[in-house]
Amino acid sequence: MTDLGLTMREVREEAGYSLSGMAKRTGYSRGYLGNVETGERQVTPDVIRAYERVLGDRLKRRQLLIAGGLAAFSAGSTRDAAVSIASEIGKTRNGLLLETQTSHATDRAIASIVARDTPSLAALVKWSRAGTAVLRVNAAGILAKVGSPLVDSEAIAALRTNATVRELYLTAVLSRVLALPWGEANNLASSQSGLANPEHVVAMSTELNNPYDSVARWCSTVMLYRTRTDDPVTVSAALIESLKTEPARENLRAIGSALAGVDPLTI
């Protein structure tokens, strides 16, 4: 049983509804809801909305408790958190994205749910342009994993135009890709320095081809640009190779700029 499925069952029972009664009130079959609650079927945003219509704030409060510890979620429960957050995004609510910087895995899971939902994408684009730095980072992080070149450009713009948002996202990328403690990654992100460790140069060169995160590819370009004078051969080869597969216009501009010796942040 998943965390979210268990929560849905507990809140339903606390409210005094049988599975049959919930089926009658939501329009789903008793068997389907039973499978959702036990984890046999995937929890979807539509099912969550149906439960919320019946259970109201009871379920909402529980979902906040589940999602509040995003940074500590195990891989097995990432999907549950993603479904909760995606449901809120669909209602243009950003509360679950305001305080805690979500993980790469959680962003990917959310993106897979909202990728074809135009209102959700519109809300994320809006939040990536204005709001708290954490909200903008989280919105950009989800947009970056949708897999749309047009959406990719919106996500990259959030970093290119705001130093705080850029530093937070770059810190997350450096921590993940280079396996650095958060504080060390943040020092590197904010220092404007290049990569002194040759293994780190190779790792960021590999990240240039990460198909799941367009903004991480942009961050890799920025870091390799900063490293160009220390290891010009490796950096140039990696940037030229990435041009063969990069679909996002903003990333192509950044790569071209780096190859020309021009800071991608200035274009």
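## A tour from a surface patch inward

Select Ile240, Leu243, Leu252 and Leu259. Together they make a nonpolar surface patch, with about 300 Å² of accessible area. Keep in mind that this is a predicted model.

Leu243 sits in the loop between α15 and α16. Its relative accessibility is 34%, so Leu243 counts as partly exposed.

**The whole chain**

Zoom out and colour by secondary structure. The protein chain has 16 helices and zero strands. Its C-alpha trace spans about 70 × 35 × 30 Å along the principal axes. The chain has 267 residues, and 49% of them count as buried. The protein chain exposes about 12,000 Å². Carbon and sulfur atoms supply 51% of that area. Contacts are next. Take those between residues at least 6 apart in sequence: 63% of them join residues at least 24 apart.

**Helix α15**

Select residues 232-242, which form helix α15. Which residues of α15 are buried? They are Val235, Ala238, Leu239 and Ser242. These four cover an arc of only 95° around the axis, which puts them on the same side of α15. The spacing fits a general rule. An α-helix has 3.6 residues a turn, so residues three or four places apart point the same way.

Now show what lies over that side. The cover for the buried residues of α15 includes α13 (198-207), α14 (214-227) and α16 (249-259).

Lys244 counts as exposed because its relative accessibility is 64%. Glu241 is partly exposed, with a relative accessible area of 41%.

**Arg249 and Glu250**

Move along to Arg249 and Glu250. A salt bridge joins their side chains at 3.8 Å, N to O. Buried or exposed: which is Glu250, and which is Arg249? Glu250 is buried, at a relative accessible area of 7%. Arg249 is exposed, at 56%. Salt bridges that share partners join Arg160, Arg249, Glu250 and Arg253 into one network.

**A buried aspartate**

Next, go to helix α10, residues 149-160, and pick Asp152. Asp152 is buried yet has no salt bridge. Which side chain of opposite charge is nearest to Asp152? The answer is Arg217, 4.2 Å away. A salt bridge needs a side-chain nitrogen within 4 Å of a carboxyl oxygen, so a pair at that cut-off or under would count. Show the neighbours of Asp152 too. Leaving aside residues up to four places away in sequence, Asp152 touches Leu143, Ala144, Ser214, Arg217 and Ala248.

**Toward the start of the chain**

Select Arg12 and Glu13. Their side chains meet in a salt bridge at 4.0 Å, N to O. Arg12 is buried, with a relative accessible area of 6%. Glu13 is partly exposed, at 46%. How many salt bridges does a search of the whole structure find? The search finds 13.

Last stop: helix α3, residues 30-38. Its buried residues are Tyr32, Leu33, Gly34, Val36 and Glu37. Step just past α3 to Gly39. There the backbone of Gly39 takes a positive phi of about 90°.

Key: Residues are numbered from 1 along each chain as its sequence is written. This is a predicted model: local features need pLDDT of at least 70, side-chain atom pairs count only at pLDDT 80 or more; totals for chains, interfaces and linings use all residues. Side-chain values use heavy atoms; hydrogens and water are left out. Buried means under 20% relative accessible area, exposed over 50%, partly exposed in between (1.4 Å probe, protein chains only). Helices (H or I, at least four residues) and strands (E, at least two) are DSSP runs, numbered from the N terminus. The arc is that of the directions from the helix axis to the C-beta atoms. Contact means heavy atoms within 4.5 Å. Patches are made of residues with over 30% relative accessible area and no salt bridge: like charges are joined within 9 Å, nonpolar side chains (Val, Leu, Ile, Met, Phe, Trp, Tyr) within 5 Å. Accessible areas come from the Shrake-Rupley method with a 1.4 Å probe; for residues, only the protein chains shown count as cover. Lys and Arg count as positive and Asp and Glu as negative; His and the chain ends are not counted.
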